[in-house]
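Hello,

Here is the structure I promised to pass on. Please look it over first; my notes follow below.

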Amino acid sequence: MDALVGTYALNLLYQCALLALVALGLAIVFGQLGIMNMAHGEFLMLGAYAMVVVQRAGLPLWTGVLLAGVACALLGAVVERILIRPLVSRPFDTLLATWGLGILLRKSVEAGFGRGYQSIDHGWTGTLQVAGAPYPAYRLGLMAAIAIALGALAWWYRRSPAGARVQAMVSNPGLAEAMGLNTRRLALGAFVVGCVCAGVAGALLAPLVRIEPAMGMDWLLASFFVLVVGGLGSLGGLLAGAALIGGTQVAVASALDATAGSVAVLLLAILFLWRRPHGLVARP
Amino acid sequence: MAWWRGPDVWLPWCLLAAALVAVPVLGDDYLAYQLGLYLLYGLVTQGIALTWGRCGFLPLGQALFFGLGAYVSGAVLKGSEHQALWWAAWPLAVLGPAVLAWALARVLFARRFESGPFFSLITLALGMLGFQIASQWSSVTGGFNGLGGIPDLPGLDRYARLYWLIVGVVLLATAAWVALDRLPIGTLWRATAEQENRLQFFGFATDRLKALAFGLSGALGGLAGALYAPHQGLVTPPVMGFQLSAELVIWAAVGGRSSPYGALLGAVGIGWLSATLRQEFVYWEVIVALLFIAVVLRFPGGAVSLAAPLWRRLARRSASPRAVPAPTRPGPRDDEVLVFEGVRVVQHGVTILDGLDLRVATRGVHGLIGPNGAGKTSTFNALTARLPLAAGRIRWCGEDLAGLTADAIARRGVGRKFQIPSIFPALTVAEHLRIATWAQRAHGMDLLRMRTQHWRTPLRDAVEAELPFLVEASGRPAGELSQGQRQMLELVLTLLPEPRLLLLDEPCAGLSTHETAQQLALIATAVARLQTTALLIEHDFSAVERLATQVHVLHQGRLLASGTLAQLQADAAVQAVYAGGRK
């Protein structure tokens with residue numbers, strides 16, 4: 001019984017950690033820059049396909065993570081120049097443009113790889129004994145990596161000069177520019193970092209999920225719900241949102257079924273938008 | 001003037017009707033059958049054009065309403081083969097999606113005055129959820145195999161006569177779309193897309209306006225779905241799918257997001273091409289996605305905007321001389337007293353209003369002065385529900401305003417002129433004046449009557465005589481006005497609803513000496529004529545001296561002193577604040 005509870009708790013923690021990882025890129029782009037990147041899920045999808053490419057080429061799988069990061073960085077930079085920057089004064093149109101970008105990426109991958117599912121054969125099927133029950137080692141490793149990455153990012157954002165500049169740009173772009181900050185470069189950098197986060201998350205998730213061109217939609221929505229519930233603009237909000245959304249999803253899905261889990265999450269998000277539009281943790 | 005007058009209204013409609021009639025006559029029945037499907041998609045797209053092109057919010061899960069209509073209609077038609085009573089449920093195929101859409105929009109828009117990404121993503125999620133439920137709830141929907149063997153509508157063979165029903169519905173929907181656009185509600189929808197915030201300060205509940213539009217778009221989706229079921233004879237989960245939702249948005253964008261004709265053009269043109277080319281040419285959809293991005297970046301009007309110059313030439317018509325007296329507004333009441341009791345406002349840890357006590361009990365202009373940061377504009381924001389109160393109470397006419405929304409407060413006779421003129425740049429000056437005349441006068445059905453367009457009030461006649469540019473520039477977009485003219489227009493817009501409490505935030509900022517005199521004269525005559533109470537924020541003491549009988553000095557979020565300007569100028573505490581002697 002204890003082992004069952006332990007496994008259940010670990011599953012819950014795992015789900016929340018995944019959500020936090022997936023939402024991180026969107027938290028940067030939407031939470032910091034205020035750009036709703038509708039192609040967020042497609043960047044994740046590209047990251048997962050980077051693993052497929054690496055596997056087909058017979059290279060070691062860790063190079064896939066690298067490829068995902070580099071590809072998404074380049075693509076993110078191009079997208080920022082062509083789509084985001086010209087529309088900076090028309091925020092509603094960035095929603096549309098990135099929505100179009102999402103379709104473009106989906107259809108391009110569909111044309112290149114076909115609509116069928118892909119999978120990654122990693123050899124990491126080992127388990128570790130946790131709380132008296134075996135648990136997949138890859139999941140445990142991933143959870144640890146997510147914890148370390150989030151911690152490092154939070155520390156960097158608070159302490160580094162670059163973090164301070166981004167914070168300055170976010171709270172008052174005009175003043176930041178007047179003080180000599182190159183806000184264009186900062187915005188570009190933040191957007192690229194967001195895209196890389198999404199791509200790397202996709203690569204890390206690849207061995208665990210079904211890989212297909214339309215896989216991004218679910219992840220975009222999950223990330224969005226995390227931000228709606230948690231609140232924009234802080235790591236605390238991201239974690240709180242991931243915990244509440246992940247917890248609801250897992251609890252309802254295990255009590256009823258997966259569809260009921262999705263319904264519960266959607267209702268929760270609508271409830272938050274209605275009654276508590278700033279989320280659990282309001283922007284400081 | 002009836003809404004259908006003018007060749008720009010009836011000519012495109014007649015051309016559409018002629019084209020749709022010509023298809024089965026010149027072509028064959030099978031061509032008409034195929035076209036019928038894309039006309040149905042066009043109906044759904046017209047719903048998107050209404051919400052996105054007119055009201056400024058983009059639904060990304062519109063296929064949900066289409067699919068819902070299709071499933072209900074399919075189930076009813078199948079049921080009616082055994083039991084005719086089933087027909088009673090057929091209207092649900094249209095009403096169900098309409099009510100769902102309306103309720104959803106009410107909930108989602110209740111607390112916001114913007115139309116950003118939140119709404120779009122929630123509708124996207126709902127669409128995906130609909131698909132999931134349709135696929136898994138097999139006992140009702142037939143799961144992945146769907147509802148098959150749906151019979152024809154009685155007497156309407158799907159390969160021949162059903163087309164005529166579809167054409168009839170499409171023509172009616174197009175006419176209704178154009179009619180709504182030309183009625184007062186259409187002007188309000190466009191104003192919502194431009195400056196929702198300002199519209200709320202006229203007293204319009206914009207969340208209800210948007211919910212109405214979304215409800216109508218849901219009805220259009222449901223109607224199209226209800227005809228889709230007998231047209232195809234089979235309803236499967238992809239009718240709700242996000243793939244279709246995405247395509248609907250592309251069709252609206254490429255065809256023209258703010259035109260019912262553009263919606264039809266996009267659905268029939270791109271939709272039909274895609275159906276054939278997607279199989280043969282693997283990169284077709286990549287090209288469509290690129291086309292969509294190009295339209296968003298460079299060509300927001302879509303294909304129909306190519307015809308815009310022609311349209312404008314057709315639209316030239318003489319201004320209507322007709323005038324209909326507008327309903328009168330209630331006059332002065334005995335209990336018109338504004339009271340602030342210990343009002344505290346805190347934002348981001350900074351105390352802006354720190355226990356403000358203020359009582360305004362006499363009619364006429366009250367000056368509200370104080371150094372920068374004293375909390376003058378914040379006083380207005382707190383009064384009009386744009387800043388939450390941390391403590392204290394604000395009462396107007398004896399009623400506590402706590403918990404009321406900005407539009408509800410405006411409906412209680414509080415009018416506000418903003419410091420920075422907030423107008424609707426793309427709307428004409430005449431449309432601005434109309435909106436202000438409708439404010440708090442037009443109720444329910446008034447917004448659906450052409451008569452309401454011609455409402456006049458004595459105050460409006462007087463103001464137009466005073467400020468000739470309001471008539472001269474009446475057909476021009478307000479975005480083209482000069483800064484001074486915008487300030488005057490903004491003041492006029494605030495005066496026309498004849499508020500009982502007038503909040504004026506620096507009405508003369510940025511005006512020339514001549515314009516300032518004109519503006520002050522307008523305020524003085526309007527306040528006297530309406531016998532109203534006005535609060536005037538102004539840094540220019542000569543303006544305060546000219547208008548205000550009573551002046552209140554704010555300092556650090558509190559009331560420092562009240563009295564006549566002469567009394568205050570002699571007050572040591574006031575002198576200290578203005579001379580910087582005391583902090």
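**Helix α11 of chain B**

In α11(B), the buried residues are P260(B), Y261(B), G262(B), A263(B), L264(B), L265(B), G266(B), A267(B), V268(B), I270(B) and G271(B). Buried means that 20 or more other C-beta atoms, placed from the backbone, lie within 10 Å of the residue's own; exposed means 12 or fewer, and partly exposed is in between. Helices are DSSP runs of H or I with at least four residues, strands are runs of E with at least two, and both are numbered from the N terminus.

The model is predicted: local features need pLDDT of at least 70, side-chain atom pairs count only at pLDDT 80 or more, and totals for chains, interfaces and linings use all residues. Residues are numbered from 1 along each chain as its sequence is written, while chains are lettered from A and ligands numbered from 1 in the order in which they are written.

Back to α11(B). The buried residues of this helix pack against α1 (7-26), α2 (29-54), α7 (162-182), α10 and α12 of chain B. A kink of about 35° is centred on S274(B). The bend there is the angle between axes fitted to the seven residues ending at that residue and the seven starting there.

**Where the chains meet**

Chain B puts 30 residues in contact with 25 residues of chain A. Contact means C-beta atoms, placed from the backbone, within 7 Å. On chain B, α4 (92-109), α5 (117-136), α10 (242-255) and α12 (284-298) each supply at least two residues of the side that touches chain A. Helix α5(B) gives the most to that side, with 13 residues.

**Each chain overall**

Chain B has 23 helices and twelve strands. Its C-alpha trace spans about 90 × 50 × 50 Å along the principal axes. Of its 583 residues, 51% are buried.

Chain A has eleven helices and two strands. In order from the N terminus, its elements are α-α-α-α-β-β-α-α-α-α-α-α-α. The C-alpha atoms of chain A fill a box of roughly 60 × 45 × 35 Å, taken along the principal axes. Buried residues are 44% of its 284.

Best wishes

Key
Two residues are in contact if their C-beta atoms, placed from the backbone, lie within 7 Å.
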